Amino acid sequence: MPVNPALTERAFPPTASYLVGREKVREFARAVFSTNPLNFSVEAAQAAGYADVVAPPTFAIVVQELTLAQLLAEEDAGIELTHVVHGEQRFDYVRPIVAGDELSAQLAVTGVKTLGGNAMVVAETSIRDAAGEHVVTAVSTLVVRGDA
């Protein structure tokens with residue numbers, strides 16, 4: 001089944017909130033080989049003006065993944081996970097994510113483009129804190145291989 005071009009008109013509900021834990025930030029920082037003390041030390045983060053440890057810039061993918069799961073679960077999307085390659089990723093930050101943030105995310109598909117037998121799907125996730133303030137927008141381009 002080809003990717004449904006009508007996905008660009010579909011609204012996805014906001015995700016349940018995700019509480020950013022200090023140890024999750026530290027685990028993620030170790031996984032991406034960060035050596036930035038702001039990612040590990042509360043004292044270093046507070047000395048720099050943050051409330052708690054600061055998540056590495058790519059940490060937003062943890063929250064965005066919740067919205068991408070919504071997209072992949074759409075029965076008429078025409079997106080089979082085994083045919084998906086992550087083509088591009090971008091994060092546009094308003095402010096860093098810190099431990100203690102309670103975040104929710106909402107997905108909008110901003111583009112579906114067919115190229116030969118393949119498709120490119122642009123998924124834009126707006127991530128907000130508990131006060132509703134915009135924290136970051138995560139933009140993923142998924143390349144969906146055709147069956148041929």
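So, Phe28: at 15% relative accessibility it counts as buried, meaning under 20% relative accessible area, with exposed over 50% and partly exposed in between, using a 1.4 Å probe and protein chains only. Phe59 is buried as well, at 1%.

Quick caveats. This is a predicted model, where local features need pLDDT of at least 70, side-chain atom pairs count only at pLDDT 80 or more, and totals for chains, interfaces and linings use all residues. Residues are numbered from 1 along each chain as its sequence is written, and side-chain values use heavy atoms, with hydrogens and water left out.

Now the rings. Phe, Tyr and Trp rings (the six-membered one for Trp) pair if their centres lie within 6.5 Å; planes under 30 degrees apart are stacked, over 60 edge-to-face, the rest tilted. That rule gives three aromatic pairs. Take Tyr18 and Phe59: centres 6.5 Å apart, planes at 55°, so that pair is tilted. Tyr18 sits in strand β1 (residues 18-19), Phe59 in the loop between α2 (42-47) and α3 (60-73), 41 residues apart. Helices (H or I, at least four residues) and strands (E, at least two) are DSSP runs, numbered from the N terminus.

Then Phe28 with Phe59: centres 5.3 Å apart and planes at 80°, so we call it edge-to-face. Here Phe28 comes from helix α1 (residues 22-31), and the two are 31 residues apart. Ring pairs join Tyr18, Phe28 and Phe59 into a cluster.

Last bit, the annotation. An unreviewed UniProt entry puts "domain: FAS1-like dehydratase" at residues 16-137; such annotations may be inferred rather than shown by experiment. In the model, that span is 25% helix and 34% strand, and its end C-alpha atoms lie 17 Å apart.
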